[in-house]
Each structure stands twice: as structure tokens, then as C-alpha cells.
Amino acid sequence: GPTRSEAGPSIRGGGIPTGVIMSGSSVQDRPLSLGALEAAILAKGPARFACASSANATSLGGVLASILGHFLGEQELPAKHCSSRNLLDWAATLEVMSPLVILIRDIEAFDPQVLSDLVGVMHQELHTLPIVLLLTVATTAQALPRMLPHAASSKLSVGRRFALPTAAENL
């Protein structure tokens with residue numbers, strides 16, 4: 001099975017290490033910024049990166065299929081039968097377990113129940129998988145507590161908040 005990397009995330013208070021990224025509402029600016037974010041994360045050291053957006057967020061299976069598809073380098077995985085078990089089975093094939101950085105784009109566009117279920121599943125697997133969540137928020141920092149019930153938000157250990165530069169600021 002996988003061994004936990006020495007550089008893996010520390011788990012404060014048992015919560016999922018979570019960063020909140022204020023992405024702003026300008027849709028055309030975000031792909032460039034988020035691509036730069038992924039490159040910066042991967043340049044920092046061994047990590048695996050996956051991204052989920054609201055387009056695949058109609059069900060928990062859809063979000064998990066999107067995440068696992070990114071980790072596997074595949075575009076589409078069938079959502080119907082995808083569960084955290086599939087993620088664990090994939091992780092068991094890895095020789096070294098590096099942090100699994102999961103970017104959830106535009107949390108405001110997610111079904112709150114699907115987002116809450118995802119947080120619950122990720123929290124359950126923290127003892128096995130070194131998960132780090134990055135949540136992009138287009139509106140305000142208050143969107144997260146509005147979207148998630150306390151039972152779900154209490155499973156997050158929000159550390160840092162970031163603001164993505166716009167494409168114009170990147171020039």
C-alpha cells in the first residue's frame with residue numbers, strides 16, 4: 001500500500017487542510033490563473049492535482065469520477081458507480097503517497113448537498129489519503145459558511161485564503 005509522504009499535509013484538529021481562493025467573478029480571467037495555480041502547486045514538490053467543477057456536480061459520484069479521472073489522466077469516467085472506494089483502490093496502486101490536491105472550482109455553482117457529501121467522504125478518508133482541498137469562491141469569503149452546514153464545514157481546517165490575480169494583472 002501507499003506510504004505517507006514526509007511532506008504530506010498536516011491535519012490540524014482532524015479537519016481537511018483547506019485553502020480558500022477568491023477567484024472573482026470574471027470567468028474569462030480564471031482559466032489562465034487556475035492553470036498557473038496548478039503549475040505552481042506541482043512545482044513545489046511531489047503532489048497529485050485534480051480539479052472538479054460544477055459541470056460534473058450533479059451527484060457525488062459525478063464529482064468523484066471527475067476527481068479520479070484527473071488523477072488517472074482520463075477525461076471521462078462513468079459517474080454511476082464511482083465512490084470513495086475507487087479513489088482508495090487507485091491510491092493503493094501508488095508506491096509513494098504524495099499530497100492529493102483537489103481543487104473545487106466555483107463552490108457557489110455546486111449543489112450544497114453534493115458539496116457537503118464530498119466534504120464528508122474526503123474527511124472519512126483522511127486517515128488513508130493525504131487530501132488537501134482548494135475551494136474557489138467567486139463572490140465573498142462568506143459563501144463557504146452559507147453553502148455548507150456546520151456539520152460539513154467543521155470538517156474543514158481552513159488555513160489560508162488567497163486572491164487570484166486577473167489575466168490583466170498577470171500581464
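Biologist: Is V114 buried or exposed, and what is its relative accessible area?

Modeller: This is a predicted model, and in it V114 has a relative accessible area of 7%, so it counts as buried, the cut-off being under 20%. V114 sits in helix α4, and once its neighbours within four places in sequence are left aside, V114 is in contact with A57, T58, S59, L60 and V63.

Biologist: How many residues along the chain separate V114 and L60, and what is the distance between their C-alpha atoms?

Modeller: V114 and L60 are 54 residues apart along the chain, while their C-alpha atoms are separated by 5.4 Å. For the protein chain taken as a whole, 77% of the contacts between residues at least 6 apart in sequence join residues at least 24 apart, and buried residues make up 44% of its 171 residues.

Biologist: Which elements does the protein chain contain, and in what order do they run?

Modeller: The secondary structure comes to seven helices and seven strands, and from the N terminus on the elements run β-β-α-β-α-α-β-β-α-β-α-α-β-α.

Biologist: How should I read the packing of two helices, and at what angle do the axes of α2 and α4 cross?

Modeller: In general, two packed helices are described by the angle between their axes and the distance between the axes. Here the axes of α2 and α4 come within 9 Å and cross at roughly 55 degrees, which makes α2 oblique to α4. The crossing of these two helices is right-handed, and in it L60, V63, L64 and I67 of α2 meet V114, D117, L118, V121 and M122 of α4. By residue class, the contact of α2 with α4 divides into eight nonpolar, no polar and one charged.

Biologist: What are the angle and the axis distance for α2 and α3?

Modeller: Helix α2, residues 60-72, and helix α3, residues 84-92, pack at an angle of about 15 degrees with their axes 9 Å apart, and because of that angle α2 is roughly parallel to α3. The crossing of α2 and α3 is left-handed, and the contact is made by L64, L68, F71 and L72 on the α2 side, with S84, N86, L87 and W90 on the α3 side. The residues of this contact divide into six nonpolar, two polar and no charged.

Biologist: How many aromatic pairs does the structure hold, and why does the pair of F71 and W90 count as stacked?

Modeller: The structure holds one aromatic pair. The ring centres of F71 and W90 lie 4.8 Å apart and the ring planes are at 5 degrees, so the pair is stacked, planes under 30 degrees apart being counted in that way. Because F71 lies in helix α2 and W90 in helix α3, the pair ties together parts that are 19 residues apart in sequence, and both F71 and W90 are buried.

Biologist: Where does L126 lie, and is it buried or exposed?

Modeller: L126 is placed in the loop between α4 and β6, and with 4% relative accessibility L126 counts as buried. In sequence L126 and P17 are 109 residues apart, whereas in space they are 9.7 Å apart, C-alpha to C-alpha.

Biologist: What is the phi of D106, and is that value positive or negative?

Modeller: As a general idea, most residues other than glycine have a negative phi. D106, a residue other than glycine, has a phi near 50 degrees, which is a positive value, and D106 is found in the loop between β5 and α4.

Definitions and conventions:
Residues numbered from 1 in each chain as written. Predicted model: local features only at pLDDT ≥ 70, side-chain atom pairs only at ≥ 80, totals over all residues. Heavy atoms only, no water. Axes fitted to C-alpha atoms, helices over the stretch in contact; angles between N-to-C directions. Helix = DSSP H or I, 4+ residues; strand = E, 2+ residues; numbered from the N terminus. Parallel < 35°, antiparallel > 145°, perpendicular 65-115°, else oblique. Left-handed = near helix turned anticlockwise from the far one by under 90°. Contact = heavy atoms within 4.5 Å. Nonpolar A, V, L, I, M, F, W, Y, C, P; charged D, E, K, R; others polar. Buried < 20%, exposed > 50% of the residue type's maximum accessible area, 1.4 Å probe, protein only. Phe/Tyr/Trp six-rings, centres within 6.5 Å; stacked < 30°, edge-to-face > 60°.
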